[in-house]
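Dear colleague,

Please find below the structure that I promised to hand over. My notes on what was found in it follow directly after.

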Amino acid sequence: MKPRVELDDIRPYEPPRMAWEIEVDRGSKEYAKLTMNELSFGPLPEARAAAMEAISRANRYPARDADPLRKAISAANPGITAANVVVGNGSSEVLVDLLQILDRPGEVVFPWPSFPFYSSATRVVGLTECQVALDERHAVDLDALHAAVGPETRAVILCNPNNPTGTYLPLDRVRSFAGALPERVLLILDEAYYEFVEDPAYAGSHELVLQSTNVVSSRTFSKVHGLAGFRIGFGIAPLGISDYAWRAHVPFSVSIVAQAAAEASMGQTRSITERARFMTQERERLQAAFDETGLEYVPSHTNFILVRTGPAVFERTGVLVREGEALGYPGWSRISIGSAQENDRIMAALT
Ligand code: PMP
């Protein structure tokens, strides 16, 4: 058997270095794992209870179309209906489902550095990639992105806010960009870090989705909801796209437990908002400490911060961060914002 030649250059996902791979002299066995932009807190109590209850129904397949969850998601995004919502095994799967419905051959355009999965997923599904450099402030360059769109372009992926830089674009700029795109090109707004952006000019992409035929917003339960291990994310799409995304979707890919936990978590708007606020306050605290010590960083609108120093600095206090080499930023590190105690350890590493 000869595998497809496009796969020859693709490596399986390489997770960040783990504690046991690193020798750190820090006097305690407790590492702070701040490598993957996870939440340092577990699921909300309501989500945990719903998951426990769902375990007793694990002999049954989950609802294929995740109806109760899709209703909860549409209730939280006024104007959309459950028919606009697609779910997946993480927003990663939603992304793959969307790439699967694109015409072949063709190209997918996205900013770079950005979420590395865009590159491998594009190639795995048999499309080609076009990476567009960020601007000098580490932000997505919409003019350059627009200029890269050509006759072969099938989709543009806009990571907003962008991973790994934490920069964001307000909705009016996204709207103008979407309006200038040919309608035959799908615009995927990857909003995995949606809840951490405080600027009121950012939120509301679901309205743009409803006004368009070619814009999809993708979000996740992996970050502020603290459900990364359950693997569940969703997309908000015009009906013509959600219909086709379901056709490409692997049936039952989201477990009954994940659906139950996500539905319960979606209903806890106040607790989720409080969590997001805690993270943004901690972000400010960390950035103020970086200012004080003169550590260069990219001002963040997410639950992570890109800083200009290697991981070894943070390993001194037992904090594991993502090495910038893996993200297109050699010599930098991406630090996920953790609990208050974990963030204290980040700051202790700087003194
Ligand atoms: N998009 C971005 C920008 C991400 O950073 C991540 C996870 N790190 C994802 C999507 C995927 O998240 P998940 O599949 O867990 O929903």
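In this predicted model, an oxygen atom of the ligand lies 2.6 Å from a backbone N or O atom of Ser 91, a polar contact being a pair of N or O atoms within 3.5 Å (within protein, one must be able to donate a hydrogen and the other to accept it, and residues adjacent in sequence count only if both atoms are side-chain atoms). Taken alone, the ligand exposes 390 Å², of which the protein buries 92%; accessible areas come from the Shrake-Rupley method with a 1.4 Å probe, and for residues only the protein chains shown count as cover. There are 14 residues around the ligand, and Ser 92, Asp 190, Tyr 193, Thr 220 and Ser 222 come nearest, where a residue is near if one of its heavy atoms lies within 4 Å.

A word on conventions: residues are numbered from 1 along each chain as its sequence is written, and side-chain values use heavy atoms, with hydrogens and water left out. Because the model is predicted, local features need pLDDT of at least 70 and side-chain atom pairs count only at pLDDT 80 or more, while totals for chains, interfaces and linings use all residues.

Turning to the pockets, the largest has a volume of about 1200 Å³ and is lined by 40 residues, with Tyr 13, Phe 115, Pro 116, Phe 117 and Arg 322 nearest its centre. The elements that give two or more residues to this lining are α3 (91–100), α4 (117–124) and β11 (319–323), and α4 provides the largest share, 6 residues. A pocket here is an open set of points on a 1 Å grid over the protein atoms alone, where a 1.4 Å probe fits and protein lies on both sides within 12 Å along at least five of seven lines, and lining residues have an atom within 4 Å of a point. Helices (H or I, at least four residues) and strands (E, at least two) are DSSP runs, numbered from the N terminus. Grid points are joined across faces, edges and corners, and a volume is the space filled by probe spheres set on the points.

The second largest pocket has a volume of about 560 Å³, and its lining comprises 23 residues, of which Tyr 194, Glu 195, Thr 269, Ile 272 and Thr 273 lie nearest the centre. Both α9 (256–266) and α10 (269–293) supply at least two residues of that lining, and α10 gives the most, with 6 residues.

Finally, some backbone details deserve a look. Most residues other than glycine have a negative phi, and most peptide bonds are trans. His 138, although not a glycine, has a positive phi of about 70°, and is found in the loop between β4 (128–133) and α5 (142–147).

With best regards
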